[in-house]
Amino acid sequence: MSREVAGVDTLFLHGQGEDYRVAVQADGERLLQGRLEVKETGAGPRPARLRTVDGTSEELHSPDRFVELARRADRIHISEQTPEAGREELRALLSGYQLEATVVRTCRLCAGEGRYSPLTSETAIATDHEHVCPDCAREQLDRELAYRGEITGDARARLEDLLLEVQDLERITNLLSGELDPDLTKFDEISATVDDVDPVPVADLDLHPGIGDLVADRFESLLPVQSLAVRNGALAGEDQLVVSATATGKTLVGELAGLDRALSGRGKLLFLVPLVALANQKYEEFEERYGDVVDVTLRVGASRIADGGDTFDPDADVIVGTYEGIDHSLRVGRDLGDVGTVVIDEVHTLGEDGRGHRLDGLIARLKHYCTQLGTGDTQWLYLSATVGNPEALARSLEATLVEFEERPVPIERHVTFVEGREKVDVEDRLVRRAFDTTSSKDYRGQTIVFTNSRRRCHEISRQLGYDSAPYHAGLDHTRRKRVERQFADQELAAVVTTAALAAGVDFPASQVVFDSLAMGIEWLSVQEFHQMLGRAGRPDYHDEGTVYVLVEPDGVYHNSQEMTEDEVAFKLLKGEMEPVLTRYDGPAAVEETLANVAVAGAGAKRLNESMVGEVPTKHALGKLLEYEFIDGLEPTPLGSAVTRHFLAPGQAFAILESLRSGEDAYDLVAGMELRDEDR
């Protein structure tokens, strides 16, 4: 025998054909395995010989060796899968040496391989028609995963943990077919939290009567985040970064401060958002609520070749605009009047690739504009629901941090694995289930489905059984407004959208479903993911929010993606919010420096130094001179055209080359818009 056996915990016997499997175990470790042959004698059954196996080698032992092992064992177990005749034969054999054995429940698959794996109520896992041990169940699960497509890392660990928890292999494999068993799909719950903040009574606010009376008609006291902001000087002109979850009321902070200053003759309110859809919605809200006491206008960047239309009134008391719309006004030297308050909503956009540098530049240029007009006391209020580094960002913005961590309703987060072609069927079931449920506030459950392209929005919406609608930036204003009204009136069970809704367009949904974890061809960041899932559950409508992440095993949306969707899912679910950092590559530095030159001339260097991100000014100025975008510190006609249309250097040169080759201008612009949509 290759290993000397001292103490023996368990001697295990399993009937198989004409002989018996033998396993010897001590301290949970298998010491040897082999086969026992039995012969019939006048005194009853006795061991004939013992063969032990070590790898590929086999060793033959005398019958006494088996008896020696049996006497050393603390206990002798016979598997219940051994036929009854075999059990009786083994009992009679052991009785001849004054030894006893217990029939135990074991894993049949292990026993057939000569392994001892006892089954208990805590370890037995149900398969087709029997129970097996965890190791064998995991092997069967692995075969199923290999058949359906490789699942890696955390996703595999998640399924294995669930297997041990529910002890039913079929329930786990059903998850791979879009099964919506909530006990299995539930990943975690983000609990509702309430910070102990004494509310500020509206009657105690020192507001201009024009706004004070309107607010008093709506509320008796402020919500906690609003109370914190007021106590930290929001109505006294303090610059603030207000970080609080979706639907906690932070937007009203900007409205109160800005409207009070506007009505008191201390400058107009600029309320800035990243998207046209959100700007339209905020404009209509301001018109409806405050249109009787202030003039409200809208300023958006309509396209590359139009400057927003003729409806913009720079003399209005309130300008609601997109970042690009206001930035365009600055770049072309348009007068915005005396600005008293600037509200930058969704300020975490500073950290987004491709867009962050433009917001960073806008803030610097707008501050320069206000200073040039002599309105150095302009108040700046920055709002966000998702900032991973609030203290550092507040310092960079030179603002007081007002952070409120309350979540008004709990959110359950669920994960289920679905093949791409089956996702719409699962989404349909989720939408139906939510809409057929009514909250204690008497509102039906409604769903936002997030996907990665406008085309996919329409595809999903067409296939949902209950009334739904696509919603994205490619729809005209009238159609978007109709969808918003229908959702608010509970005429729609779902909207299917791209990233537009993540930035705060007001759809009171109880459920968010991720059809995709990509935005275009890029995987979502943790911040974007939290921004989107935060749309689930509103305190005035719902008892809780629900989030479903539909994961395609081994799925990708573009061959440039190195991670698969199952890997990304658990990275997002477990990940911490990324810090908001504005990073500059060469083209971004050139673009913002050119815009700063157009607005501030020789002051462009100072503007660059004031920005949140670190701009390589010397490199950027060198490239601007090389590209002939500037002459000294003044933009050339080419540079002016480039900056007024928000072109990166590469885009500018592509346009020049196309025009020189005779390409039609409208075809050129259409092609650029299509490339932007693909991105």
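1. Basis. This is a predicted model, in which local features need pLDDT of at least 70 and side-chain atom pairs count only at pLDDT 80 or more, while totals for chains, interfaces and linings use all residues. Numbering starts from 1 along each chain as its sequence is written, and side-chain values use heavy atoms, leaving out hydrogens and water.

2. Parallel sheet. An open sheet of 7 strands runs in the order E13-E14-E12-E15-E16-E11-E17, with parallel pairing. Strands (E, at least two residues) and helices (H or I, at least four) are DSSP runs, numbered from the N terminus. Two strands pair if DSSP finds at least two bridges between them. E13 (296-299) and E17 (400-404) are the edge strands, each pairing on one side only. Neighbouring strands are turned by 15 degrees against each other on average, direction ignored.

3. E13 pairs with E14 (residues 318-322) in the parallel sense over 4 bridges. Leu298 stands opposite Val320 in E14.

4. Helices on that sheet. H10 packs on the sheet and touches E11 (240-244), E12 (268-273), E14, E15 (339-345) and E16 (379-384). The direction of H10 makes about 160 degrees with that of E16. Axes here are lines fitted to C-alpha atoms, for helices over the stretch in contact, and angles run from 0 to 180 degrees between N-to-C directions. H14 (residues 390-397) also packs on the sheet, touching E11, E16 and E17. Its direction makes about 150 degrees with that of E17. Contact means heavy atoms within 4.5 Å.

5. H8 and H10. The axes of H8 (residues 209-218) and H10 (residues 251-263) come within 8 Å and cross at roughly 150 degrees. That makes H8 roughly antiparallel to H10 (angles over 145 degrees count as roughly antiparallel, under 35 as roughly parallel, 65 to 115 as roughly perpendicular and the rest as oblique). H8 contributes Gly210, Ile211, Val215 and Arg218 to the contact, and H10 contributes Leu252, Leu256, Leu259, Asp260 and Leu263. By class, the contact has 6 nonpolar, 1 polar and 2 charged residues. Ala, Val, Leu, Ile, Met, Phe, Trp, Tyr, Cys and Pro count as nonpolar, Asp, Glu, Lys and Arg as charged, and the others, Gly among them, as polar.

6. Second largest pocket. Its space is about 1,300 Å³. A pocket is an open set of points on a 1 Å grid over the protein atoms alone, where a 1.4 Å probe fits, with protein on both sides within 12 Å along at least five of seven lines; lining residues have an atom within 4 Å of a point. Grid points are joined across faces, edges and corners, and the volume is the space filled by probe spheres set on the points. Of the 41 lining residues, Ala247, Glu285, Arg289, Asp506 and Arg538 are the closest to the centre. H10, H11 (276-290) and H17 (477-488) each supply at least two lining residues. H11 gives the most, with 7 residues. The lining has 15 nonpolar, 9 polar and 17 charged residues.

7. Mixed sheet. Another open sheet of 7 strands has the order E10-E18-E25-E22-E19-E21-E20 and mixed pairing. E19 (residues 447-450) and E21 (residues 494-497) pair in the parallel sense over 4 bridges. H16 (residues 454-463) lies across E19, E20 and E21, at about 180 degrees to E20.

8. H20 and H23. H20 (residues 586-600) and H23 (residues 637-644) pack at about 110 degrees, with axes 10 Å apart. They are therefore roughly perpendicular. Leu594, Ala595 and Ala598 in H20 meet Gly639, Val642 and Thr643 in H23.
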